[in-house]
Amino acid sequence: MESLRPPRGAHPSVGEWPPDKQWLEMGEQMVNMRGLDMFTIVGEFSACLMLGIHLGGEDEETHRVWAVVQRNCGDWGPRIVRSIVKMKMGDADERQLGDAEAYLLTLFDRSQHGPQYLRRFAEELRPVTDFIHSEHRWARRRPVHPADTPVCWAWDAWIMNNKFDKVWLVAMALHGVCGLLEHYKLKTLQAEPKTCLPFGGGADCAVDFANPESACREWVCLRPCMHWVCRNCANRWQQERGVLRVCPKGNCAVEFATVHLSRRARPPS
């Protein structure tokens, strides 16, 4: 694994991390590709979109959140690292585990500017800039709009294409930061609807999001629309319709669906 340690005394550059122009242009095709692994967060149209929106801004709220991360990184870092190594690296070899753990700890080390490194990466993911290709570099040009969501999907695929490498590790660390911010009620990352996606003729899902013990732990991501339903709703839909070919929310054509496990209840947006 390449040395990833941020330089002392300077904000590290992450400008070399984005995928190239050809990859970014393929986001819409990628969500249609069976077998292509994408970085996902249950309930989100795009994991990178969510991380960029909530952790990559320049507003007062985002500054406050990162000040909290700075103050707590010594305590939070080892917890997040243990969770990533235990829950997300089961298929890694011993060398990959050792390298990953050592690097992840630097991301929560203030003396090595680790939190700044995390924030810079979140800024790369924030969907407020578009990229155009020039002869020498990517240039930031204009605010993006919803039609640019495929660029975020390309990022989601890029992260999983580089599993256990620097892009993947930093994305997992940012996801861990989000989890602790929510756990300590320091930031609400998503509105809390009372129901899952509407099922059938307007009937609502019975998942109780207010009760973590009874909430659904298996979620189905419908591709290419990237809507989510809980496993119970998906099963009921299939029992009534025979096959899940149409999204219950947007009546979108469903090419295929993937099942994801969630450690906590995250209702769809």
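Predicted model: local features only at pLDDT ≥ 70, side-chain atom pairs only at ≥ 80, totals over all residues.

Trainee: How many disulfides does a search of the whole structure find?

Mentor: A disulfide needs two cysteine sulfur atoms within 2.5 Å. C221 is in no disulfide, since the nearest cysteine sulfur, that of C225, is 7.5 Å away. For the whole structure, the search finds a count of 0.

Trainee: Is C221 buried or exposed?

Mentor: The cut-off for buried is under 20% relative accessible area. The relative accessible area of C221 is 0%, so C221 is buried.

Trainee: Where does helix α4 bend?

Mentor: Helix α4 covers residues 60-88, 29 residues in total. A straight helix would reach 42 Å at 1.5 Å a residue, but the end C-alpha atoms of α4 are only 32 Å apart. The helix bends by about 80°, and the position is C73.

Trainee: What covers the buried residues of α4?

Mentor: The buried residues of α4 include W66, C73 and W76. Among the elements that cover the buried residues are α3 (47-55), α5 (94-106), α6 (114-125) and α8 (166-183).

Trainee: At the start of α4, which residue has its backbone nitrogen within 3.2 Å of a side-chain oxygen of D59?

Mentor: The cut-off for a polar contact is 3.5 Å. The side-chain oxygen of D59 reaches to within 3.2 Å of a backbone nitrogen, that of E61.

Technical notes: Residues numbered from 1 in each chain as written. Heavy atoms only, no water. Helix = DSSP H or I, 4+ residues; strand = E, 2+ residues; numbered from the N terminus. Expected span 1.5 Å × (residues − 1). Bend = angle between axes of the 7 residues up to and from the residue. Buried < 20%, exposed > 50% of the residue type's maximum accessible area, 1.4 Å probe, protein only. Contact = heavy atoms within 4.5 Å. Polar contact = N/O pair within 3.5 Å; in protein donor to acceptor, adjacent residues only side chain to side chain.
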